[in-house]
Amino acid sequence: MRTNKYTVRIDKEACIGCGVCNELAPKIFTSDNEMKSELRQDAEIDEKLLLKAAEECASGAIVIIDNETGEQLWPKND
Amino acid sequence: MLTHYKYLIIGSGIAGTTAADAIRQHDKKGTLAILGNEPHRLYSRIVLSKPEFYEKSGAPNTLFLKDLGWYPRNGIDLLCGETVIGLDVGDNRISLASGKIIGYEKLLLSIGVQPNPLPDLEPAEARNILYLHNLDQANTILENIRGRETVLVVGGGFIAIELCDLLTKLDKKVISVISSPRYWRSTFDETSSRFIKDALTRNGITIHTDSFIMQTKGKSKIEAAIIRNKQTGEETTVPCTTVIAAIGTHCALDWVKEAGIDCNIGILTDERLKTNVPNIWAAGDCAEYFDLISGRHIKLANWTNSRAHGKIAGVNMIGESSSYRKTTFYSTEKLGLAISFVGDTSRLGKDKRTISRGSYESHAYAELRVRGGRIIGATMINMANELSSIVSLIENEIPMGKHLKEIRDPHFDLKSLLTHENK
Ligand SMILES: Cc1cc2nc3c(=O)[nH]c(=O)nc-3n(C[C@H](O)[C@H](O)[C@H](O)COP(=O)(O)OP(=O)(O)OC[C@H]3O[C@@H](n4cnc5c(N)ncnc54)[C@H](O)[C@@H]3O)c2cc1C
Ligand code: SF4
């Protein structure tokens, strides 16, 4: 999913469907048939919540890229 | 003076940390400590079986789930590297291996599980056997497999399969040894086990079933393992550089039992996660809780359950009376298979039966556990797209009625059972 600022992707293979992202940011995440995280079509991206969800995801499945710089904000590539 | 906390949490994993968070949402002032015997703040155990952990030398930035500042910012004392060895429920005190004593008003036991040690080895040999349960053990594995070629994995359950997949992805030669004739025997039937065996073979992993390690060779480092086949008695020397055992887990409950807390395979609680002793709760992998959905005590060991337990225990410790009613599951994509476990997956229980859905030939297979005419749990291979339907059928306690036969057929749409009148 691409918004003005970010491109957000769920790594479905890594996602364990724990529901943490959905609980922290229900306006951004929902779940699919496999109970894995999915980005809402009509997601309202709150930057702080998005990053918090990504940081608390135990499987590192939420990938966030800054559109302007192309930098991967999460998981950091250091 | 005796250190005393209003809320004392033993175990710094996801259950304990979530409970602390939940307490702080409601009680900003009560003194609160999380005490754990690992020298770390909350980290993801899940990352320990992912290639990133090893590729990034044990430090991927997805590892730690809280920054160090989170604890003081929330008025939480994090007491790392301390082991509880005693509990006095009369005086409300715990004693630590370091000699310290800490008092509490309300106590949470979120002490997780421990890996079972490999039996029958001399102490010197046993020291060389590795386990994958915590961060320090994962770091030891990392050190041991740097440039090493052959890893022998003992065990046929979840962590063993995770290891086989991980080590294959890291380009190691993998040998799998299990003491039973087939994989994951405690949970899977023969068809499900066959998927695992074939996937291991497809991934180039050598398999020894019905076998156990008698002895390892090599002094400070392993050079080979001697394994014996239980059926034929044949002994084989298998050259290998590392042995990792993943033969199940147990709760270390001696001091908990001695304190008078009721335990079975875990710490027994009611549906509010309260133990038989006032002001003491249990949560996470160590809790054998009364499950309102299956109507019996169950003990699960997955991340979602532990986190959700932490939340309920936390709010109950501040005085609420919330019940835990959740169908948890875990899914993993390993060795080219999508494997899911949901609800009560145990095959044991006289009043329970298993209905098979799909087949080996169709590459998709589920074992549905049924009791009292409704589904209470399932294991699924390559059927993950039905996971949400099965969770809903379990949670909504949908009676299968005349559909019990039809659900064997994978073409029968499980969603159709979730009609409005059924819900
Ligand atoms: C390698 C690996 C991969 C996994 N992958 C998945 C997965 O993909 N999906 C999934 O759902 N689950 C997975 N799990 C399981 C999941 O990680 C656990 O269910 C979860 O972490 C349990 O959390 P907990 O807080 O209950 O216990 P723990 O995280 O085990 O925390 C308990 C803590 O208490 C400490 N402790 C114990 N006794 C004492 C004592 N006497 N004094 C002081 N401290 C003590 C322990 O050392 C530990 O630090 C995996 C587990 C492992 C090991
Ligand atoms: S927090 Fe991570 S693992 Fe959990 S559902 Fe969201 S993306 Fe999946």
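**Close-up views of a predicted model**

**View 1. A:Pro75 lies in the segment after strand E5 (72–74) of chain A.** Strands here are DSSP runs (E, at least two residues) and helices likewise (H or I, at least four), numbered from the N terminus. The peptide bond leading from A:Trp74 into A:Pro75 is cis, with omega near -20°. Most peptide bonds are trans. This is a predicted model, where local features need pLDDT of at least 70, side-chain atom pairs count only at pLDDT 80 or more, and totals for chains, interfaces and linings use all residues. Residues are numbered from 1 along each chain as its sequence is written, chains are lettered from A and ligands numbered from 1 in the order written, and side-chain values use heavy atoms, leaving out hydrogens and water.

**View 2. Helices H1 (residues 14–26) and H9 (residues 303–317) of chain B pack at an angle of about 35°, their axes 7 Å apart.** Axes are lines fitted to C-alpha atoms over the stretch in contact, and angles run from 0 to 180 degrees between N-to-C directions. Residues in contact (heavy atoms within 4.5 Å) include B:Ala15, B:Ala19 and B:Ala22 of H1(B), and B:Gly310 and B:Gly314 of H9(B).

**View 3. B:Ser57 is found in the loop between helix H2 (51–55) and helix H3 (70–73) of chain B.** B:Ser57 is not a glycine, yet has a positive phi of about 50°. Most residues other than glycine have a negative phi.
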